[in-house]
Each structure stands twice: as C-alpha cells, then as structure tokens.
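Welcome! Take a moment to look over the structure below, then work through the exercises one at a time.

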Amino acid sequence: MQSNAASIHASVAEDFAAVNRTILDQLASRIPLVETIGQYIIESGGKRLRPLLVLLAARALGYPGDSNDAGDKHIALATLIEFMHTSTLLHDDVVDESSRRRGKATANDTWGNAPSVLVGDFLYSRSFQMMVEVGSMRVMQVLSGATCVIAEGEVQQLTNIGNADISESDYFDTIQGKTAMLFEAASHSGAILAGATAEQEQALQLYGRYLGLAFQLIDDLLDYQGDAETMGKNVGDDLAEGKPTLPLIHAMRNGSPEQTALIRQAITDGGLERLDDVLAIVRETGALEYTQRRAEEMAEKARTQLQVLAPSAYRESMETLTRVAVERDV
C-alpha cells in the first residue's frame with residue numbers, strides 16, 4: 001500500500017513540493033496564533049488527497065504550469081483546496097467535540113473551541129483570496145457552489161445524529177455533501193484550469209465524486225474494524241456520536257428484529273455501552289462486506305471516467321488512487 005501511495009505522488013512530486021511550500025507561505029499572518037494553529041493542523045499527517053487531485057487532473061489534461069513558480073495557478077488552486085478542507089476539519093472537530101484526529105490531539109482540545117473556529121474562518125477566507133488570484137470565473141463558480149453543498153452536508157449529518165430511520169439513500173446524500181463534494185470540486189476545477197473539453201470536464205467531475213464516496217465508505221467501514229493506533233481514533237467513534245452510517249443501516253435492514261432494535265437503541269442513545277453487541281451484529285449481517293462492495297462499486301465508477309484521458313503517468317496515478325481508496329486500512 002505504501003508503494004502505491006508513493007507512486008501516486010511521484011508523478012507530480014515537484015508540483016506537490018511547491019504546494020507544500022505555498023501552504024506554509026500562505027499561512028503567514030500578523031496574528032501568531034493563526035500561524036500556530038494553522039501549521040499544527042496542516043502538518044498533522046493528512047494525505048492531502050484533494051490538492052493531489054487538482055494536480056493530477058490538470059497535468060493529465062496537459063496543463064503546462066511551472067512547478068517552480070509558486071504563483072502558478074495549478075499550485076495556487078491545489079493550495080486553496082487544501083485550505084478549504086483544513087478549515088472544515090477545524091470546524092468539524094469543534095462540532096463533534098473531538099479530542100483526537102490522526103493520532104494527535106485536535107486543535108480545539110489543545111487551544112479551545114473559539115480559536116479553532118476562528119482559525120478555520122481565516123483559512124476559508126484565505127482560500128477565497130487565493131481563488132480570486134487564480135482568476136477563473138468558472139473555477140470560482142465551482143468552488144463557491146461546493147462550499148454551500150459541503151456546509152449543507154455537515155448540517156445534514158448533524159441532524160441525522162441519533163436518527164435510526166435514515167435510509168441508505170439519505171446516507172449517500174449526506175456523504176456526497178460532506179465528503180465527496182470537495183473531491184469532486186478538486187478534480188473538476190483542475191480540469192477547468194487545464195482547458196478540458198465538456199466531456200473531459202464532466203468525466204473528471206464524476207471521477208472526484210465517486211472517489212470521494214469510496215473513501216468515505218471505507219472510513220465508515222473502518223470505524224467498525226480498525227483500531228486507534230492505525231486510524232488515530234477509536235473503534236466505535238461514529239456509534240458513540242450516534243451517527244447512522246452504512247454498516248449500521250445495512251445491519252438494521254438485514255438483522256433479526258431483536259438485532260435491529262438493539263442497533264436502533266444504540267444509535268438513539270449514542271455512547272458505547274452496547275459496542276460489543278453492535279460489532280457482533282455488524283459482522284453477522286455482513287454489513288462490513290456490503291460496505292466494502294459499495295466502496296468498490298464507487299471506485300470502479302471513478303476508474304471508468306478516466307477513459308476520456310490519454311494514457312500518461314498522471315492517469316495511471318489516478319487509477320492507482322481508486323485502488324488505494326478501497327484497499328487501505330487507515
């Protein structure tokens with residue numbers, strides 16, 4: 001898995017290094033706490049998949065930008081996408097009252113809720129400042145629309161907490177908004193920047209959407225079979241928050257009346273008092289295998305979209321990414 005991940009980044013290594021430099025440059029602020037929290041969350045071990053998608057999509061379509069020029073538009077676009085993502089992480093951890101992310105203390109646990117929210121606001125604002133510098137009205141249209149969808153997805157997830165009546169369709173609507181939308185916006189905006197045809201643009205938009213869905217499905221699966229050391233969070237964290245994710249939805253749909261009632265109560269109550277029972281039911285009903293299959297379906301749909309691209313190292317990286325999405329254990 002590590003070799004796969006390395007090969008994905010290798011095709012845009014210079015671009016990726018330029019993005020990392022630009023991230024640190026753009027975190028500059030006259031307020032020291034802004035830089036401190038911004039650097040803490042940015043450097044906390046994330047995969048930076050969304051900026052990677054910008055770079056791969058643009059390069060796969062022949063974008064000629066210079067990775068040595070920090071002001072080049074594909075570098076700026078990838079950076080601002082990462083800032084948008086990081087701002088949502090800061091806000092999410094406050095909303096979820098999280099104390100751990102990627103194996104480290106969250107910013108809100110370290111500095112408090114108010115600084116975390118405000119630095120999240122700063123990163124969001126900086127991303128829009130950089131969006132103007134990119135200078136594409138189409139890109140601004142896509143990304144500004146995405147921010148609204150993402151915000152709606154987060155609110156939808158919040159309203160779903162403790163609701164055991166969420167359908168599979170409702171679940172997919174939620175993860176499309178809160179997770180897949182930014183994947184979609186990343187690959188879509190990268191394609192626009194590179195001057196894609198209408199067919200290529202739509203295909204790369206859908207590629208990001210399906211890839212994002214695959215990643216979220218595996219995240220939700222791992223919540224019931226991962227471990228704190230590899231994931232940076234504990235098994236059952238979603239259950240503790242009362243989140244009705246696909247493993248639970250499938251288990252309720254296919255379990256006995258008694259099993260269904262137990263899971264419904266666990267979702268409604270939140271907490272981990274019945275975690276062992278829920279884990280047993282999830283395994284017995286094949287919920288993890290079902291979630292894995294749905295993730296693989298999304299990954300295959302993403303791969304299919306790449307047929308519009310000419311063969312290249314960038315396209316190969318994008319194909320590899322669809323496999324990494326569903327084979328990972330963290």
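**Exercise 1: Placing Gln225**

Find where Gln225 sits and how exposed it is.

Solution. Start with the loop between α10 (198-222) and α11 (228-231), for Gln225 is found there. Helices here are DSSP runs of H or I with at least four residues, and strands are runs of E with at least two, numbered from the N terminus. Next, take the relative accessibility: Gln225 has 47%, so it counts as partly exposed, a class between buried (under 20%) and exposed (over 50%), with a 1.4 Å probe and protein chains only. Finally, look across to Arg283: its C-alpha atom is 9.5 Å from that of Gln225, although 58 residues separate the two along the chain.

Before going on, note that this is a predicted model, where local features need pLDDT of at least 70 and side-chain atom pairs pLDDT 80 or more, while totals for chains, interfaces and linings use all residues. Residues are numbered from 1 along each chain, and side-chain values use heavy atoms, without hydrogens and water.

**Exercise 2: Exploring the core**

Which residues have the most contacts inside the largest nonpolar core?

Solution. First, the core has 100 residues; such a core joins buried Ala, Val, Leu, Ile, Met, Phe, Trp, Tyr and Cys through side-chain atoms within 4.5 Å. Then pick out those with the most contacts inside it: Leu77, Leu80, Leu143, Leu204, Tyr207, Leu211 and Val278. Now zoom in on Leu143, which touches Leu77, Leu80, Ile81, Met84, Met131, Ala185 and Ser189, leaving aside residues up to four places away in sequence. A contact means heavy atoms within 4.5 Å.

**Exercise 3: The whole chain**

What share of the 330 residues is buried?

Solution. The buried share is 54%. To finish, count the secondary structure: 17 helices and two strands.
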